[in-house]
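Welcome! Below is a short briefing to read alongside the model. Take it one topic at a time, and keep the picture in view as you go.

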Amino acid sequence: MTLTLDTYRTLGRSGLRVSPLALGTMTFGSDWGWGAEASEARKLLDIYTERGGNFIDTASMYTGGSSERLLGEFTRDNRESLVLATKYTMLRRPGDPNSGGNHRKSMFASVEASLRNLRTDYLDLLYLHAWDFLTPVEEILRGMDDLVRHGKVLYVAISDAPAWQVARMQAIADLRGWSPLVALQIEYSLIERTVERELIPMARELGLGVIPWSPLGSGVLSGKYSRADLGDSVASPEGTRKNLAIASGALTERGLAIAEVVKEVAAQLDRTPAQVALAWTLRNPAVTAPIIGARTPDQLEDNLGALTVEFDAEQVTRLEAASAVDPGFPHEFLEREMTRTVTTGGLTIEARR
């Protein structure tokens, strides 16, 4: 199905309308050694919004805070037309244990800093950035609900957390009448498909729109790396994009093998590998908007071309066979013929809901 940036979708169980590709801004600012300078970052935002794009993703400490500050400068004239999403959790002051984490003090201080950086009096969407295994879920949910009640945040969401904790949180929010989670941001690509076991089915069942980050597998699926790149760089988010690809676990023999199949399908379609990899994530009905993280206007234009990619059945089969993961227990067990036979007696039964 051909899409455009102004083919808007509702986000999870909310009525909020967002574009089918979100503009990631971890590339806004060169503080980490590989991002875009301010003038180039502004071009990226202009290209995206001029085509109807409205969904902007950032975080409290992306590029040391430069991402939010640049967005605040760039969006002064069209703030109301945009859906600005940011995240809290990352440590904001080295040595201060309460300047990061999921707890209430970190949450409120981070939100206030984000509001100042973004030059706005409210956030459209606030994510918990990463699970800290320390903060009680009731503390997180009540803090988020208070921010919504105070008008500083409109919707709340979660990123990078265990499925059972997210499901628990959603149930508690519903039972107590607190603001529900409306989105789940997770790594999802042809390289990282283990989220299909629990996280994505959970999101569909509980009304969370899935927002994939790194849909190009840290750039590996764009075809930019080869086996010569394996093992010769430091695993780090700073320095070069290759360092980040190694740190993320995407730049491996398996990742490169999947990228080769992506290249082959791209050649068949007369498309680029990046477009094919992005378009594959868009096929999943649970996915609302993958995040694209371009560093140059040319990269962004190329990524936007994914909206018009269409596959045939054989191409989908090739991509999914090359990237398949073991479903694990209990999924593999529940799909066995023996299990289905003893639970249904061989009858055909359809769920109609």
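Two strands pair if DSSP finds at least two bridges between them. Helices (H or I, at least four residues) and strands (E, at least two) are DSSP runs, numbered from the N terminus. This is a predicted model, where local features need pLDDT of at least 70, side-chain atom pairs count only at pLDDT 80 or more, and totals for chains, interfaces and linings use all residues. Residues are numbered from 1 along each chain as its sequence is written, and side-chain values use heavy atoms, leaving out hydrogens and water.

**The sheet**
- Strands of a sheet pair through backbone hydrogen bonds, either parallel or antiparallel.
- Here, eight strands form an open sheet with parallel pairing, in the order β9-β8-β7-β6-β5-β4-β3-β10.
- β9 (209–213) and β10 stand at the edges with a single partner strand each, so one side of each has no neighbour in the sheet.
- Strand β4 (residues 55–57) pairs with β5 in the parallel sense over three bridges, and F55 has V83 of β5 as its bridge partner.

**Helix α3**
- Just after α3, R119 takes a positive phi of about 55°.

**Helices α5 and α6**
- Helix α5 (residues 163–176) packs against helix α6 (residues 199–206) at an angle of about 10°, with the axes 10 Å apart; axes are lines fitted to C-alpha atoms, for helices over the stretch in contact, and angles run from 0 to 180 degrees between N-to-C directions.
- That makes α5 roughly parallel to α6 (angles under 35 degrees count as such).
- A163, V166, A167 and Q170 of α5 meet L199, M202 and L206 of α6.
- α5 also lies across β7 (153–159) and β8 (181–187), running at about 175° to β8.

**A look at V287**
- Where is V287? V287 sits in the loop between α9 (273–282) and β10 (291–292).
- V287 is buried, with a relative accessible area of 5%.
- Not counting residues up to four places away in sequence, V287 touches R9, Y188, V210, P212 and T281.
- V287 and R204 are 83 residues apart in sequence and 9.1 Å apart in space, C-alpha to C-alpha.

Key
Buried means under 20% relative accessible area, exposed over 50%, partly exposed in between (1.4 Å probe, protein chains only). Contact means heavy atoms within 4.5 Å. Angles under 35 degrees count as roughly parallel, over 145 as roughly antiparallel, 65 to 115 as roughly perpendicular and the rest as oblique.
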